Amino acid sequence: IAAVLFVAVVFLAGVLIGGTLGYFGGWVDLVGQRLIEIWSVLPFLFIVMIISALISPTLGVLVMILAVFGWMSTTMYLRTATFKEKERDYVAAARLLGASTPRIIFHHVLPNVIAILVTLAPFEVAGVITALASLDFLGFGLPPDVPSWGRLLHEGVDNFAYPWIVSSAFAAMGVTLVLVTFVGEAVREAFDPKKFTTYE
């Protein structure tokens with residue numbers, strides 16, 4: 001659930017913001033990049049600690065916090081891809097034929113850069129799983145009565161006399177991350193950007 005919510009929010013923000021910066025460029029791109037640089041230096045862990053002290057965070061709250069700080073890398077990838085695609089001949093031809101800016105963006109540029117998201121998806125999923133487990137391990141994640149891998153790892157570290165606690169949680173988390181990576185690689189090969197990119 002956390003991975004699906006996180007990926008949906010991050011990819012939506014990445015497509016909208018990254019596509020806008022890459023396509024329009026100029027002062028829009030300059031101002032957008034400066035704002036992203038300012039936002040990227042905000043202390044993520046301190047903000048999570050403050051929110052955890054004020055409220056009891058739920059899964060949705062944690063995912064939104066992670067998404068608020070995790071959309072920037074996807075945005076920069078989409079910005080770069082859009083910036084490259086808008087200089088291709090088929091975009092110039094569409095402009096000469098009188099296509100409007102929304103039509104060029106949504107019918108020509110975005111279909112050719114959206115394939116990047118297939119490559120980024122498994123890494124985003126693995127990242128949010130690791131981040132949630134880390135927050136739970138540090139005590140700034142879900143409440144103690146909610147089961148999670150991070151909570152199990154924390155209890156296992158506190159009770160080394162029972163090694164199966166930490167070993168089982170670590171093994172389950174490791175296997176899941178490996179499977180996510182393999183599934184993501186299979187999806188990427190099935191939707192190979194080089195095979196399905198269309199310059200039209």
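1. N112 is buried, with a relative accessible area of 7%, where buried stands for under 20% relative accessible area with a 1.4 Å probe and protein chains only. The residue lies in helix α6, which covers residues 101-113, and its side chain is joined to that of Y90 by a polar contact of 2.9 Å; such a contact is a pair of N or O atoms within 3.5 Å, one able to donate a hydrogen and the other to accept it.

2. This is a predicted model, in which local features need pLDDT of at least 70 and side-chain atom pairs count only at pLDDT 80 or more, while totals for chains, interfaces and linings use all residues. Residues are numbered from 1 along each chain as its sequence is written, and side-chain values use heavy atoms, with hydrogens and water left out.

3. The secondary structure comes to ten helices and zero strands, helices being DSSP runs of H or I with at least four residues and strands runs of E with at least two. Helix α1 has 23 residues (2-24), and at 1.5 Å a residue it should span 33 Å, which agrees with the 33 Å between its end C-alpha atoms; the expected span is 1.5 Å times one less than the number of residues. After α1 comes G25, whose phi is positive, near 60°.

4. For the chain as a whole, the C-alpha atoms fill a box of roughly 70 × 40 × 20 Å along the principal axes, and buried residues make up 36% of the 200 residues. Of the contacts (heavy atoms within 4.5 Å) with a separation of 6 or more, 74% are between residues 24 or more positions apart.

Technical notes
Buried means under 20% relative accessible area, exposed over 50%, partly exposed in between (1.4 Å probe, protein chains only).
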